[in-house]
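Subject: Structure handover

Hello,

Here is the structure I promised to pass on. My notes follow below it.

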Amino acid sequence: MISFTQFLSVFDAMGRTPNASQRQAVAAVMDDALFVVAGPGTGKTATLTMRILKLIFVDGVKPRGILATTFTRKAAAELRSRVLTWGYALQETLQADKKLSKMVRLWLERVDINQVRTGTIDSLCEELLRDFRDPGTDPPVLADQFVSETLLLRAGFFNSKRYDDDDLDEFLCAARGTGKFGWNLGAKNDLARTMWDRRHHDQLDWAKWVKAGTTPSEKKARQLLDDALNDYDAELTSRIMVDFAQLEQTVLERLQKGGLKEFTNELDVVLLDEYQDTNLLQESLYFELAKRCGGALTVVGDDDQSLYRFRGATVDLFRDFEARYAGVFKRKPTKIFLNENYRSTKTIIDFVNDYATLDKGYQSVRVVGKPGLKNPKVGNVGLPILGMFRETKQELAADLAVFIQAVTRGKGYKLPGGQVVKVDATNGGDLGDIALLCSSPQEYNAADDPRLPKVLKDELAALTPKIPVFNPRGQDFTSLPQVRRLGGLLLCCLDRDATAEDVVAKGLGQSIRAEFQSWAQEAETLLKSGKVPKELVSFVDNWSKRSPGRSGYAWPKNSPAIELLYALVHWLPELHDEPEGQVYLEVFTRQLAAAEQVSSFNARVVSDPAKKDLSLKSVGHLLLYWLAPIASGSAKVDEELIETFPRDRLNVLSIHQSKGLEFPLVIVDVGSDFKRNHHANAFKRFPNKPGPSHQLEDLMRPQSPLKKPARGGVDRSFDDLYRQYFVAFSRPQDVLLLVGLEAGLPPNAKVENVAMGYTRTGVSGWSGKLPFVKI
């Protein structure tokens, strides 16, 4: 082993000297419990990496005894990359140091950094159930999101036609709390899945919850939901599958029973990133792991950046970590604040600090004693915060397009003070250095009116040369022309006369059959239009007849549907040449993979004239398990499908999606949707009732150990909006531009809006002086 001084000297030479707070976290002894509150851009991944390497090289902890988890696969990959890259560099530098004894250098040579366990909590649980299963048992197969939603749709809703029950429909729609807009079978399935997850995440007494209805219709609806989820559970069990919630629950139960000792006996330290987005199930699991290593637990996170309440995250578990840890381990963790922001300019940091402290009610739900962010870079003042506000959405989009063109394709945009905003193309800068962040990337609102992402996209397309946009979540997936075209062509190939559809009609429902019919009609019109290659027309004709189209050849008796998919995509360049199309194609391929797991035909088409019933059934399975989830809206573009962003397009993201990312120039839409104080959009700007996630908490948590939240639903809605815009405003490195309508501008604003400095008391903290330069 080496001394901590030697350890730091190598990092100094690498140009990675930790600041005082980072050093405190890195230097803590092995069995210390740490509560690290890390603001945006404060180097939490670097700090975690250095702590892991310090545990190995200074404390002598075996790499295999270290477990580090984080929230997303991307973050886990980044953490592992840093541990290996920095670790190997440290190892090589120390091995070359002749001042160290031969014994120490030999020890260094034997250290295998690759044995450090990193990943998401789900990947860890999957590994544990696979590698440490009980003798004579098979490891469960993990049902990913596409598989689990397909099975829930099939077993939970299609079974007994529960999708058509009015009482269940009314109960679920009321639980969502946003009215009938967008309320379809896919939305119903999503909500049932969320409630299933919360049942586990919040550790509900489910039997008690099912019986908690107050009216006959509600009691019936709760029982129907229970039946649907029980059938879903049985379907998983029959396939030796578990979904993500069950995966974590199974590992927790084995730990609570004293199991998994082969793993836990090796465990020395547990480190957890993004802890603000954890839930009660995960906290229980983490605490069980920490018990196996004497409470050596480090948690890192930021309550101001907790955005995943809609996925079951409970930010109170992070805020109250000190008390909750002490209640289990009978000692308090050491609290460390990381607040030196290396990402942004001083101007942006000051703006973010001011925003976070505007609302007095918000301060009571933040970690006690939390300091503001600091700028460690001397002289890094940067450009002023900018604001672009116009009378109409069209004017705003037109001027914003001119701005984007100037900073990326022109000589820059000159500010009133003479400074110039410009993306530096000489250093590889391009459109990908800019992000437009919105509460939602959807291009149309509930009234089917275009929103800023759509109007701006049209304005950018009208420029010379046009500027492309990357926004694969901009429209309802089933309404996309590319999706409808591919879906229709697949139907024409698989089941042109709808014979197989008729066979499985009971499992589809009228809405899905109507969508299929619409897709197929559009595809037939396209094939007859003369606008597509004759080869495509012939291909579809041959497939629909199961005819090879040439003499001497026979149609195969068993065809993988994936071959059909990629054959059609050959004639649809928009699905393989365009970045958005590639994401859409990924939805089809992942749903097909789910169908392969779910169907007894393994997503293959049987074509045997002697077994017509079997042939029809194989196609029926593809309709049920591949195309029906897409047509119903259950299978769609999830933000986790988008792992990279193209450099040559303007990226449009939801604020949730931007978490963990940073861009040189960030445009935040703070009010282009709001011309007046309309009740329909209040939840997005100035809540007057609890949001969907808060309603669900109030509905389900009374039967959880967490109990119903003491803080009201409206206040929690305000809290989450402040967190949302705190995240948005802290993404930029160099330039932050706020955009919206003039109706929202203080001090004469016609619209109350949290994003424009309003507190929940209805007073704007920006009424005295706007904190940005208008352009």
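Start with one pair. Asp165 and Lys220 form a salt bridge, with their closest N and O atoms 3.0 Å apart. Asp165 sits in the loop between helix H7 (145-158) and helix H8 (166-176), and Lys220 sits in helix H11 (residues 216-238), so the bridge ties together parts 55 residues apart in sequence. Asp165 counts as buried, at 17% relative accessibility. Lys220 is partly exposed, at 37%. Keep in mind that this is a predicted model.

Next, Asp169. This residue is buried, with a relative accessible area of 15%. Which lysines does it pair with? One is Lys180, with the closest N and O atoms 2.9 Å apart. Asp169 lies in helix H8 and Lys180 in the loop between H8 and helix H9 (185-201), so this pair ties together parts 11 residues apart in sequence. Lys180 is exposed, at 55% relative accessibility. Another is Lys188, which meets Asp169 in a salt bridge of 2.8 Å, N to O. Lys188 belongs to helix H9 and Asp169 to helix H8, so here the parts tied together are 19 residues apart in sequence. Both Lys188 and Asp169 are buried.

As background, side chains of opposite charge can pair when their charged atoms come close. How many salt bridges does a search of the whole structure find? The count is 61. There is also a network to look at. Salt bridges link Arg198, Asp202, Arg309, Glu697, Asp698, Arg701, Arg716, Asp720 and Arg723.

Now the second largest pocket. Its volume is about 470 Å³. The lining has 22 residues, and the closest to the pocket centre are Lys457, Val469, Gln482, Glu578 and Glu580. By class, the lining residues are 8 nonpolar, 5 polar and 9 charged.

Helix H6 (residues 121-131) is worth a look too. Which of its residues are buried? They are Ile121, Asp122, Leu124, Cys125, Leu128 and Leu129. These residues cover an arc of only 160 degrees around the axis, so they fall on the same side of H6. What covers them? The cover includes strands E2 (66-70) and E3 (117-120). It also includes helices H12 (244-256), H13 (261-264) and H14 (280-291).

Last, two residues in one loop. Lys684 lies between strand E17 (663-671) and helix H30 (692-700). Is Lys684 buried or exposed? It counts as buried, at 18% relative accessibility, because the cut-off for buried is under 20%. Leaving out residues up to four places away in sequence, Lys684 touches Ser439, Arg451, Asp673, Phe674, Leu721 and Tyr725. Phe683 is also found in the loop between E17 and H30. Phe683 is partly exposed, with a relative accessible area of 47%. How far is Phe683 from Lys261 in space, C-alpha to C-alpha? They are 48 Å apart, and 422 residues apart in sequence.

Best wishes

Conventions:
Residues are numbered from 1 along each chain as its sequence is written. This is a predicted model: local features need pLDDT of at least 70, side-chain atom pairs count only at pLDDT 80 or more; totals for chains, interfaces and linings use all residues. Side-chain values use heavy atoms; hydrogens and water are left out. A salt bridge is a side-chain nitrogen of Lys or Arg within 4 Å of a carboxyl oxygen of Asp or Glu. Helices (H or I, at least four residues) and strands (E, at least two) are DSSP runs, numbered from the N terminus. Buried means under 20% relative accessible area, exposed over 50%, partly exposed in between (1.4 Å probe, protein chains only). On a 1 Å grid over the protein atoms alone, a cavity is a set of points where a 1.4 Å probe fits but cannot get out, and a pocket is an open set with protein on both sides within 12 Å along at least five of seven lines; lining residues have an atom within 4 Å of a point. Grid points are joined across faces, edges and corners, and a volume is the space filled by probe spheres set on the points. Ala, Val, Leu, Ile, Met, Phe, Trp, Tyr, Cys and Pro count as nonpolar, Asp, Glu, Lys and Arg as charged, and the others, Gly among them, as polar. The arc is that of the directions from the helix axis to the C-beta atoms. Contact means heavy atoms within 4.5 Å.
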